[in-house]
Amino acid sequence: MIAYVVRRLFAGVILLVVMSIVTFALFFASPINPADFSCGKNCSAEQKEQVSRALGFEDSWVTQWGKFAKGVFVGRDFPDDPELRKTAPETIAHCPAPCLGYSRERTSTVTDLIKDTLPVSLSIAVVAFFFWIVGGVLLGVTAALRRGTIVDRGLVGISLVLYAFPTFFIGLLLYKFVAVQWGWVDVPRYTTIEDGGISGWLSGLLLPGITLAVFFMAGYVRMTRAYVLESFSEDYVRTARAKGLPKRTVTFKHALRAALTPIVTMAGLDFAGLMGGAIITESVFNYPGLGKLAVLANSDFDLPTLVGLVILLATFVIIANIIVDLLYAVIDPRVRLS
Amino acid sequence: MAITKKPFAALAAAALAVSLAACGGGDDGDDNNSPGGSDGAAAKGGTAIFFNGPRNTEHWDPQRMYIGRDLNNSGRLFYRSLVAYPASNDPTEGTTPIPDLATDTGTTEDGGKTWTFTIRDDVKWEDGKNITCEDFKYGASRNFATDVIIGGPANYLFTYLDIPNGDDGLPQYKGPYSKEGQELFDKAVTCDGQTITYRMKKPWPDMPQAAASLRFLDPYRQDLDKGDANNFVIISNGPYKLDGEWTEGTGGTFVRNENWDESTDPIRKALPDQWEFREGDEDEAIYDQMFADSGDAQFGVTERRIPPTFYDRIPEVEDRYTQVESPYVDYVLPNFNSPVFKDLACREALKLATNKAAWIQAGGGEKAFTPAYSVVNPSVPGYRENPAFADIPDEGDPDAAKAKLEECSAPKPVKIKFTYSGGTPTSDNQAAALKESWDAAGFETELDPLEDTYYSVIQKPDADFDVTWGGWGADWPSIGTVIPPLFDSRINLTGSSNGNDYGNYRGGPEVDKMIDDAYAEADLDAAADLWAEVDAKLGEDVAYIPLEITIFNFLHGSKVTGYANNVSVNGYADLAVIGVEN
Amino acid sequence: MDTITPTTTPTSAATPGTGPFLSVEDLRVHFPTSDGVVKATDGLTFKLERGTTLGIVGESGSGKSVSSSAILGLHRGSSAQVSGRIVLDGVDLLSLSDEEMRLRRGKEVSMIFQDPLSAMHPYFTVGNQIAEAYRVHNKVSKKVAKARAVEMLDRVGIPQPDRRVDDYPHQFSGGMRQRAMIAMGLINNPGLLIADEPTTALDVTVQAQILDLLQDLQREFDSAVIIITHDLGVVAEMADDVLVMYAGRAVEYGPAKELLTHPEMPYTWGLLSSVPDVKGDTDARLIPIPGNPPSLLNPPSGCPFHPRCAHRDKVPGDLCWTERPELLQGSRGPSHLKACHLANPDEIYRKEVLVEIAPELAEEL
């Protein structure tokens, strides 16, 4: 089992290396010069060249990737200029290992940016996850158990409608009516647990959490319903009934256990994806999380931040994959880790 | 990772914002949309909110700022300059610098080649240290560190300050970090006690305007300078200082700076106890709250404009609504490198065919735009309607255009490609409106909307478009910050880029000399006449075709007092005088 | 079983309380669908006594499994419409409440399914699943139930049952799984055991062991057994009576030996013709039944078998197309019923069918 985890982690690291290379390569394949964004207006061609050099975009992307990779292990200085180190050491920012780079656009190491934004995204994800798992699975099971009834049709219909609505639309609706028009809750603003306590933190997360949860929940209702119905037609559920087990036992012990296994898998991966996938929700509610950072970094061509985010989010997905597989082995005795 | 927005999506909007540098003045009151204001008593206290909007502040470093919003707000709250504009909406008073950290508005005895200012003795930084002449000198020197101090209007000092250029086309002085060429700078800028002297290589008659509008001549503390790391560090000398840190995408809170002495400051009233800057909200989110006047938004002001979708709700909130003309002009440019538009007759036909009224209608109507008749904004002193455009109806003159097109040497029908910054329904509708008017005159227009790559494409001298789009606003109230940056081929056109001269216009010796003469004229009124001549020449050549001037539509909270959209801050909310009810 | 002695006759009347152990009368299982009603079982009647075995034979989709599921009440809670009477030990199961039926399920009637791998829950140990079947009908501790499970595993021939009890189904071989299923089915000593294709999914070598085991246990527990199969070899070995089903109905019903030696219905002939003779008679021909099983939604008119019947022309007129033959006594006596219009089936069988599939037998007769 440990050997298995080690092997999976090793494969994950290789994947990360490949992804970072691809990100660099794609970035430099673009016809856009990042210096355009930093140089300001009235920027002469000479200045632009200078800026490009200062941003480190003069080197080939291979060299730059090499510097990046080295920085991960030994840290880096920004700018890495021996002259400047002599004359004005105070202007050099040190980025300790593991250094994911330094964003000139944001005047911060990527590690610090992640430190600032990750808790926000994590908070939204946790709250959303709670709503969508509890809501999605419960309603999905309800719909399956009342298959064909008005309850079932209602739930399936509503979830289909919600699923079809774009997230930003749901977010804007909630924002506009619940927060602004009716004033049921304050206009959501991210508050840390330190600043606002659990209740302050949670009240700020309610609307973004629900916004994000709605989309997933709608999917999970339908998915859970389908899996539960499928499991009801399994032979072993028929066996359980043939044994004379009460309906409750048949449903919850035999049918649901099997039905929920794929949902656990999906939920694990969705949660990991959510860390960087809450872009729209974070934008609508102006939450300074990873998704918002990704949008900003993308819009001003901030390569270090983009690479850092790609690596981070890929890491989440890789780790979530491993955890889900381990979990699977725990749930399903047939699964062997190898 | 799901990145849904395309890179550079912000750039279309940035096209305007890029030209957000200071401007104002000259607004001779012909717009009846006089800035509104609540006339509450000027009571101190409370917390005012500034909605910074979805476009993050990129720099709080005075030498790196170049966005009008940030230049204005910092100047009103925490960065004082040699001179500043008084809080006034009078077109002359509001754009005439008065002493701020200096004791006078600067003296020059040689028509602008040498400028001298004396710094007050009684002004302090937020940590209690006196502001010295050396601080100003150091601040100016930072502009030359082009590898660290990136993004600001450094090129003005490159152009004027008496420091020779090296082979790379940049000044031989490389800034205070590398200290390369330090002696050159030490000669150009000198301190004598509290008196600072700037020596230019050519006259700079409106330098005080530059000092008042931009922040690049502001003082800076060498002992606190950490270069790029100070990008969001604010070393205040004004009435407010940053409480804690600035968080990009979230904002920050400004509290009173105890070391600011009200008696030294004729401009800043500093009424609220706190200013909370809130960053990252989309326009719709801001205006949802503003229209509902809910919660904090009652104390809110913003530089974001009311989105057109909210226009029909304006009557509900008339007392909190203000409308002002912006300092920008949008225009289209014929490409002088194109086989069609190298011919003047073809350009004239395009000029006559252009239906700016349709363009405005497609873009949101008269609430959003007003027609323009020059590339110069009417608020800039010396503005005149360009005679080449003044007499053409806003709807264009299709018959005259058709007749003119007969003279055009290009094969008929005249096929042209219009490359513009697209990607939004509005921009596409506007482009379609232009196409319709051009096609009615006999052109055959191909629309070429570009998103991410717009600037990269049109700045290429060999790009194959025939017409493109541009927008501009003056850096300070002078035509010298409009026409040369856009049409002086000597500073724009290089082998690899056309700079801001997207139409690849080449004025030749005649125009170059006219520009030089206008620059050299020390008398600002006389200079304005010369600039008008340059503009007229550009009109004759059809170097550009003006479209419209953006109109700002703003709303502020009900508990905001003394609200004013002053020309001294380009028509934005003047944070120097705004207060809130307690 | 060396001797086959029919102990029930299809014609004897059932008297409540004193009648046969199991009596199914006019059982119908209909599934309403959006396309119409699927008549999976449409009027099935048979009887069964303790200690005897009924084989139900037919192709897939002939209604065998649906009928047996109906006896267990497994259609309850679904949209299926079940009518008729299923009298077990004097009680009409169809008149019971869901809860009363549940208490009988696994205790008085239990069932063994075709594929023991899918029929056992993959996430629970074999012992757990067997003990669960015991505990649901007996108020005992988990420990006692587990001991009982070990005992049953031992009884069905699982080696080292005290260790294997903690294994998961996927750790068992196919034969062992089926033994475990049998252990589960018999743990409450039910009066009626329904075995739905119990050997179909197993290796041929294991098949015989399982059948032997079933026979042993039947004797031991004195159960009535219904064995559902499409394999006439299994029927020949196991069953006292045979009921051939086609399109949801019984088309031939009688004592096994009688029916297998003198089948009177062309469908039964078809089934016999498609059984390979392992003794290796090279002259014997395998003759598959042509065509596909009929749609239960839209059964053919007249005799449901007529579209596939090679002998329909031997019936005068268009009787096979227009009139469904009732299940009636044939030429071989009251215990052998058949639903066929043919007047002289015995002769046709001997002269036309047997010569093809078993020439040596045809000569004997």
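Modeller: In this predicted model, helix 6 of chain A, residues 110–145, packs against helix 14 of chain A at an angle of about 60°, and the two axes are 10 Å apart. Two packed helices are described by the angle between their axes and the distance between the axes. Angles from 65 to 115 degrees would count as roughly perpendicular and those under 35 degrees as roughly parallel, and helix 6 and helix 14 of chain A are therefore oblique to each other. The crossing in which helix 6 of chain A passes helix 14 of chain A is right-handed.

As for the residues that make this contact, helix 6 of chain A contributes V110(A), L113(A) and I114(A), while helix 14 of chain A contributes P304(A), T305(A), G308(A) and L312(A). Sorted by class, the residues of this contact are five nonpolar and two polar, with no charged residue.

Helix 14 of chain A, residues 303–331, also belongs to the elements that give two or more residues to the side of chain A that touches chain B. That contact brings together 50 residues of chain A and 55 residues of chain B. Beside helix 14, the elements of chain A that give two or more residues to this side include helix 2 (35–38), helix 5 (82–87), helix 8 (167–181) and helix 13 (290–299). The largest share, however, comes from helix 3 of chain A, with seven residues. The class make-up of this side of chain A is 21 nonpolar, 18 polar and 11 charged residues. Two pairs of chains touch, and the pair with the most contacts is that of chains A and B.

The contact of chain A with chain C takes 18 residues from chain A and 23 residues from chain C. On the chain A side, the elements that give two or more residues are helix 10 (235–242) and helix 11, and helix 10 of chain A gives the most, namely six residues. This side of chain A holds seven nonpolar, three polar and eight charged residues. Helix 11 of chain A, residues 247–277, is likewise listed among the elements that give two or more residues to the side touching chain B. Chains B and C themselves do not touch, and their nearest C-alpha atoms lie 35 Å apart.

Turning back to chain A as a whole, the chain that carries the helix pair has 14 helices and four strands, and its C-alpha trace spans about 85 × 55 × 40 Å along the principal axes. Of its 338 residues, 48% count as buried. Among contacts in chain A between residues at least 6 apart in sequence, 67% join residues that are at least 24 apart.

Of the two partners, chain B is divided into domain 1 (57–279) and domain 2 (325–551), whose centres, taken over C-alpha atoms, are separated by 33 Å. Between these domains of chain B, 11 residues of domain 1 are in contact with nine residues of domain 2, and the domain 1 side has five nonpolar, five polar and one charged residues. In chain C, helix 1 (residues 64–72) is mostly covered, with nine of its nine residues buried, among them K64(C), V66(C), I71(C) and L72(C). Helix 1 of chain C is followed by G73(C), which has a positive phi near 75°.

Conventions:
Residues are numbered from 1 along each chain as its sequence is written. Chains are lettered from A and ligands numbered from 1 in the order in which they are written. This is a predicted model: local features need pLDDT of at least 70, side-chain atom pairs count only at pLDDT 80 or more; totals for chains, interfaces and linings use all residues. Two residues are in contact if their C-beta atoms, placed from the backbone, lie within 7 Å. Ala, Val, Leu, Ile, Met, Phe, Trp, Tyr, Cys and Pro count as nonpolar, Asp, Glu, Lys and Arg as charged, and the others, Gly among them, as polar. A residue is buried if 20 or more other C-beta atoms lie within 10 Å of its own, exposed if 12 or fewer, and partly exposed in between; C-beta atoms are placed from the backbone. Domain bounds come from an automatic or database domain assignment. Axes are lines fitted to C-alpha atoms, for helices over the stretch in contact, and angles run from 0 to 180 degrees between N-to-C directions. Angles under 35 degrees count as roughly parallel, over 145 as roughly antiparallel, 65 to 115 as roughly perpendicular and the rest as oblique. A crossing is left-handed if the near helix is turned anticlockwise from the far one by less than a right angle, and right-handed if clockwise.
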